[in-house]
Amino acid sequence: MAEGLSAVARTGRHAAHVTAATAAGFYPALHLLDRPVAGIYALFTPIAFGILSPLPGAGRDRAATVLRAVPAAAVLVVLGTVLAVGTWPAVAGMLAVGFALAFGAACGPRIAGAAPGLQLFYILACFPPYEPGTLPQRLAGLVVGGVLLALAEAVFFPDAPEPSYRGRIADALDLAARAASGVVRGEGPDPETAGRLGAAGRELRLSRLPAGARPTGAGRTDRALAQAGAATRRLLDQLALLAAHDPASGDTVSAELLRGIAANCTETAEALRRGDRGRRARRGRPLPGPQLLEEMVADFLKARGAPAESTGASAGRRAGATDDGPAARTAVPDPPAPALRTVLVRRSTVLTAAVSAVTVRTAASLALGGRERLHGLPHEQFWYAAEGTARLVAVRVRGNLTRRSVVFQNALRTALGLALARLVAGSLDLTHGFWVLLAVLTLGRTTAGATWSAVRAAAAGTLAGAFAAGLLIVGAGGASDVYAALLVPMMLVAFTLGPLGGPSRGQGLFTLVVATAFAQIAPVTWRLAEARLVDVLTGSAIGLLCGLLAWPAGARAEIRYGMSGLLRAAAPVVRATTAAVTDGSGEGAPQAGSGEDAARAGGREGAPRAGSGEDAVPAGEAEGPGPASPGVRLTLHRLRIAEAVYAQYRTEPAADAAGSAHDWLSVLDYGSRTLVGAYWLPRMDGMPGLPADARRWAHETAEEVVAATVRAAGFPPDGVRVRPAPLPPEVAERVPAPLLAPLTDVEVWLHALARDLEAGSPPEPEDRKGRTGRTGRTDRPEGQPARYTTASHSSASADLA
């Protein structure tokens, strides 16, 4: 009840803004200055940007967006006025403008929000009569209407500012700092803290944010904020895992790194709240520090092969300690192999938390204006760091110029519908033909079924509105004073109840508004309501036809293809990353596209490799340093396409039963986890000295995961069940301690990928589930690290849930 009242109050306040701006521009232009053309544009400008366009953000943010959109709207008005010379030029212009504006949704929420309103300005201007002499009036009405709406949004009962995503990340990092400190103190299992960490991570999902707070733009700041948010979610999940289990007493190596994580989180949160864009930010790094977390991670990598202090001196000697070292002074018995393996797996989880913290810190620095030289960090993970805005927009646009992109599909469907509507309206010489295009613009949906539902509701609402408008016109006749008196309250009601009541109520009330407005511009009869009804029905039929012919199933037809393409692209990356870590020659490391070797192989330091962007083109279309880098680029490209499909899929009703049997979010997590491993696992030049049987186990396990990935890409009805064997204890005993730790990282990563594959499959039949369980083996051998192998590396894909 309270939520409903809040929505009505919020919508009513916004309706008051639009109504005030419309009345302040329309009445003086029409009744005082006798400029009906300027009055029409002053009328429709606030409606276009205030009602038709779902502009993101609070009042002042929307005001800024309107002011930035007015110049683009003026260009469209000029273009439409020139192309109104004939039907075919106007149709060609509508096709180009319709596609460009709808496709602009890929570049960020503000462009996507303003696009429908911008479409309206070309639509208004491209209809006859061809009167270029009225262009000054049109532009004057546009500017007046835009400025008045901006003033109303910013001054007249402004909305409270929405919480920023940067602030949400800062709050989450404060919680992470407290949790890391609690793990260091060894306070024991704390399910309550683990639950709070999980809840905080879910609050960073983009679907939990207002549209204006979502960092989905193509620029460096939005990309960095999105990456910081995703890495913060991973960090929270990993700390939740550590908090939920018993502490490891005497593990000073992990404790020191956890202290560094806590300090790093606190400092990053403070910088995000300050929004530091000062002199230091322009010089390169807004988050400097005397003891960088990257250095602590490097020290951890050197020391973590030694067991915890409680695990004994002989294990310390196995790690290479001398007789006068601290390990030799610890006189306790040797630890059993399972205990040592458990310590290593826990340290692997701590390391993944530190990696996430480093990612958060670096991404936050970039979001705050830094242009960093990324020494020792995964080069492709921060490929956008030194790129300009134009290049980043070009990468985003290029990545979506494929028929498998739902952004491309929606843009093409919209453009074809609007162009066809312009052709029909111009050929049939319909009265107020722009209403035909307006119906196509407002009633089109991403699926034919949803479009049909909207069209049915809109037709019923328009019929009722036309009947009411006809009665009003017959009753009031030519008394323009009556229409002038009714317009403001009618707009207030329509703009408040219309958005809350769906297409039926919205179309009916808007019919009354336009009839009341046009009755003041020129003498009208009841046939105006008839023309409105005919135009809306014509536009509805055209929109429905386009919906039936162009991708009628929407994202439901694309999601299987998108997820399959992601899995097929990720499979070779799993193989290449495992080889990069375990091969003794070290040749695989730079090919995996991560670390300092990748930066050296990629050319000048800090520059992204060609085509290695977030929306990168498929492999083979750009040069790279090695064969694995195109695989990483292709996986990135397929991941972004799949994320966009999934985001639209979640908005469409009546998902098919076959699709709903799959956990698509787990498939996205698999792709993101694959990339995280490819970025961070190859941190050394191979593993010379790794026993052949250990290397063989790693390659065989990777091949098992790769084969399961390829099977999963075909979506077999029974799903995929992959349970890789753990590193055998007898093999682990022969692995030198400095190499056992990174080998454990690979093991944890491969097992996590296997769980993602199973989670993304249809539910296991009950008879088999009872024997094996859903997520793990019941016959796990002794020595299998059971407590921390479920370390969560949840991906940015989860932001779409």
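This is a predicted model: local features need pLDDT of at least 70, side-chain atom pairs count only at pLDDT 80 or more; totals for chains, interfaces and linings use all residues.
The crossing of α17 past α19 is right-handed. On the α17 side the contact involves Phe434, Trp435, Leu438, Thr442 and Leu443, which meet Pro503, Gln507, Phe510, Val514 and Phe518 of α19; of these residues, 8 are nonpolar and 2 polar, with no charged residue taking part.

The structure contains 17 salt bridges. In one of them, the side chains of aspartate 251 and arginine 347 meet with an N to O distance of 2.8 Å, joining the loop between α9 (220-243) and α10 (252-274) to helix α14 (residues 337-367) across 96 residues; both partners are buried.

A salt bridge is also found between glutamate 267 and arginine 361, whose closest N and O atoms are 3.6 Å apart. Because glutamate 267 belongs to helix α10 and arginine 361 to helix α14, this pair ties together parts that are 94 residues apart in sequence. Glutamate 267 is partly exposed, at 29% relative accessible area, whereas arginine 361, at 4%, is buried.

Glutamate 703 and arginine 575 likewise form a salt bridge, with 2.6 Å between the closest N and O atoms, and this pair links helix α27 (residues 692-713) with helix α21 (residues 559-582), the two residues being 128 residues apart. Glutamate 703 is partly exposed, with a relative accessibility of 35%, and arginine 575 is also partly exposed, at 36%.

How values were computed
Residues are numbered from 1 along each chain as its sequence is written. Side-chain values use heavy atoms; hydrogens and water are left out. A crossing is left-handed if the near helix is turned anticlockwise from the far one by less than a right angle, and right-handed if clockwise. Helices (H or I, at least four residues) and strands (E, at least two) are DSSP runs, numbered from the N terminus. Contact means heavy atoms within 4.5 Å. Ala, Val, Leu, Ile, Met, Phe, Trp, Tyr, Cys and Pro count as nonpolar, Asp, Glu, Lys and Arg as charged, and the others, Gly among them, as polar. A salt bridge is a side-chain nitrogen of Lys or Arg within 4 Å of a carboxyl oxygen of Asp or Glu. Buried means under 20% relative accessible area, exposed over 50%, partly exposed in between (1.4 Å probe, protein chains only).
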